[in-house]
Amino acid sequence: MSVALIDTDVLYKMTVYGLLLKLLQSKPFGAETFHVLGAAQFMIPRKLKKYTPSRGSDTVLAEFKVLLPMLGVLEPTEEEIALAGQLEYL
């Protein structure tokens, strides 16, 4: 079983244009499951409220909330968080 990670920007754009479900159903590159970063569940709604899509924030947000449970969530490990902090410092 192959897994795909959906970039947060791609997730946002696919959601705004109403294409996220089609992406998941098309199973690109043979991906059976899809994952997003855990922060995406907070970032996407905030961005939708800040930049109102032509289809309307409420409609797009409702679709996102329905599709979100179809996505797995990835969280960084303590080591990854420490490395990110070091990189940011540098």
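User: Which residues is K49 in contact with, leaving aside its neighbours within four places in sequence?

Analyst: Once those neighbours are set aside, K49 touches S57 and L61, where contact means heavy atoms within 4.5 Å. K49 belongs to helix α3, and its C-alpha atom is 8.8 Å from that of L61, a residue twelve places away along the chain. This is a predicted model, in which local features need pLDDT of at least 70 and side-chain atom pairs count only at pLDDT 80 or more, whereas totals for chains, interfaces and linings use all residues. Residues are numbered from 1 along each chain as its sequence is written, and side-chain values use heavy atoms, with hydrogens and water left out.

User: Why is K49 called exposed?

Analyst: The relative accessible area of K49 is 62%, and the cut-offs are under 20% for buried, over 50% for exposed and the range in between for partly exposed (1.4 Å probe, protein chains only). K49 is therefore on the exposed side of the scale.

User: And what makes M43 count as partly exposed?

Analyst: M43, also a residue of helix α3, has a relative accessibility of 38%, which is why it counts as partly exposed.

User: How do you know that the buried residues of α3 line one face of the helix?

Analyst: In α3, which spans residues 40-50, the buried residues are A40, I44, P45 and L48. Viewed down the axis of α3, they fall within an arc of 125°, so they line one face; the arc is that of the directions from the helix axis to the C-beta atoms. As background, residues three or four places apart point the same way because an α-helix has 3.6 residues a turn. The face of α3 turned away from the buried side carries F42, R46, K49 and K50, which are exposed. The cover over the buried residues of α3 includes α1 (8-16), β2 (31-37) and α4 (57-67). Helices here are DSSP runs of H or I with at least four residues and strands are runs of E with at least two, numbered from the N terminus.

User: What puts the buried residues of α4 on the same side?

Analyst: The buried residues of α4 are S57, V60, L61, F64 and L67. They cover an arc of only 130° around the axis, which puts them on the same side of α4. D58, K65 and V66 are exposed on the face turned away from that buried side, while α1, α2 (20-26) and α3 are among the elements that cover the buried residues.

User: Why are α3 and α4 called roughly antiparallel?

Analyst: Their axes are 9 Å apart and pack at an angle of about 165°, where axes are lines fitted to C-alpha atoms, for helices over the stretch in contact, and angles run from 0 to 180 degrees between N-to-C directions. Angles under 35 degrees count as roughly parallel, over 145 as roughly antiparallel, 65 to 115 as roughly perpendicular and the rest as oblique. α3 and α4 are therefore roughly antiparallel to each other. The contact is made by A40, Q41, I44, P45, L48 and K49 of α3 with S57, V60, L61 and F64 of α4. By class, these residues comprise seven nonpolar, two polar and one charged, given that Ala, Val, Leu, Ile, Met, Phe, Trp, Tyr, Cys and Pro count as nonpolar, Asp, Glu, Lys and Arg as charged, and the others, Gly among them, as polar.

User: What makes α1 oblique to α4?

Analyst: The axes of α1 and α4 come within 9 Å and cross at roughly 120°. That angle makes α1 oblique to α4. In this pairing L11, T15 and V16 of α1 meet V60, E63 and F64 of α4, and the contact residues divide into four nonpolar, one polar and one charged.

User: Why are α1 and α3 called oblique?

Analyst: The axes of α1 and α3 cross at roughly 50° and come within 10 Å of each other. On that angle, α1 and α3 are therefore oblique. From α1 the contact takes T8, D9, L11, Y12 and V16, and from α3 it takes A40, M43, I44, K47 and L48. Seven of the contact residues are nonpolar, one is polar and two are charged.

User: How many helices and strands does the protein have?

Analyst: There are five helices and three strands, and from the N terminus on the elements run β-α-α-β-α-α-β-α. Of the 90 residues, 31% count as buried.
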